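The sequence and structure come next.

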Amino acid sequence: MLFRSANTETTRDALGISNESLVTIKTNNPGIINSDLIWDNGDPDWVNGLCVQRGGAVTWADGADDFTLTEETTIEMAVWTTVDTVDTYWSGIDDLVVYEFTGAGSPPGAEIINLQDVPNTRVDMGISPWGYPYYEYTIDLLAEGLEFTLPAGTYFIMLRPVSTGTTGQSYWTTAPGDPGSQSEFYWRSDYFGVPNWSPATTQWGVAYDASFKLYGSIGQPAIPDLDCYGDLNWIDVTS
């Protein structure tokens with residue numbers, strides 16, 4: 001594990017293995033309306049937390065895990081869990097990036113979707129085994145008008161908290177992963193001396209997956225009946 005002194009704490013690429021498995025898991029309703037659970041990579045397993053953030057004590061650290069869509073799907077919401085040190089300044093914005101999946105054992109490919117500084121919510125869920133609070137983050141893409149549609153296939157996604165402060169770290173919690181997962185977690189960070197995507201087994205010796213859920217709807221977003229004639233017509237499509 002890599003360590004480097006900075007700011008008020010020793011910065012770490014990961015929280016380290018936890019032997020605690022008795023943390024109470026709270027359930028938070030992120031206010032999903034007309035959205036289905038598209039992909040569930042699992043709740044936190046409290047095995048580890050992997051540093052993913054922009055700003056704070058670490059300039060940047062990227063992490064991405066895979067998901068698979070069986071049909072054309074509109075992604076409308078992303079929910080994930082982090083452990084944040086107490087000196088982390090939450091800025092109320094996050095990044096969401098989707099990358100190409102080029103095959104099992106290969107790192108994330110080209111960016112397909114890059115949404116930065118997207119408003120989000122953060123709910124305090126209690127204290128993690130490492131003694132830091134853990135949070136459930138939600139990016140409501142539909143509410144922000146940023147929902148996007150992807151064809152059937154496998155992709156990598158990065159969900160990255162943003163801090164405009166200069167202290168604190170955010171760690172994406174590990175999870176069992178979806179049974180349909182085709183790849184382990186990938187990670188990179190110039191700050192920690194790992195500029196290129198590296199699999200979790202290389203970085204930490206374990207094929208970790210990350211805790212996250214994606215919500216959305218199958219196919220393109222519904223087109224509203226703007227002229228109220230009760231059918232889909234040219235006015236609806238072009239307005």
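## A buried phenylalanine and its partner

Phenylalanine 192 is buried, at 7% relative accessibility (buried means under 20% relative accessible area, exposed over 50%, partly exposed in between, with a 1.4 Å probe and protein chains only). Tryptophan 187 is also buried, at 0% relative accessibility.

Tryptophan 187 and phenylalanine 192 form a tilted aromatic pair, with 5.8 Å from centre to centre and 45° between the planes. Rings of Phe, Tyr and Trp (its six-membered ring) pair if their centres lie within 6.5 Å; planes under 30 degrees apart count as stacked, over 60 as edge-to-face and the rest as tilted.

## Basis of the values

This is a predicted model, in which local features need pLDDT of at least 70 and side-chain atom pairs count only at pLDDT 80 or more, while totals for chains, interfaces and linings use all residues. Residues are numbered from 1 along each chain as its sequence is written, and side-chain values use heavy atoms, leaving out hydrogens and water.

## Aromatic pairs and a cluster

By the pairing rule there are 14 aromatic pairs. One of them joins tryptophan 46 and tryptophan 130, tilted, at 6.3 Å centre to centre and 55° between the planes.

One aromatic cluster is formed by Trp172, Phe185, Trp187, Tyr191, Phe192, Trp204, Tyr208 and Phe212. Tryptophan 46 is buried, with a relative accessible area of 4%, and tryptophan 130 is buried, with 18%.

## A charge over a ring

The charged end of arginine 122 sits over the ring of tyrosine 135, 3.7 Å from its centre (NZ of Lys or CZ of Arg within 6 Å of the ring centre and within 35 degrees of the ring normal).
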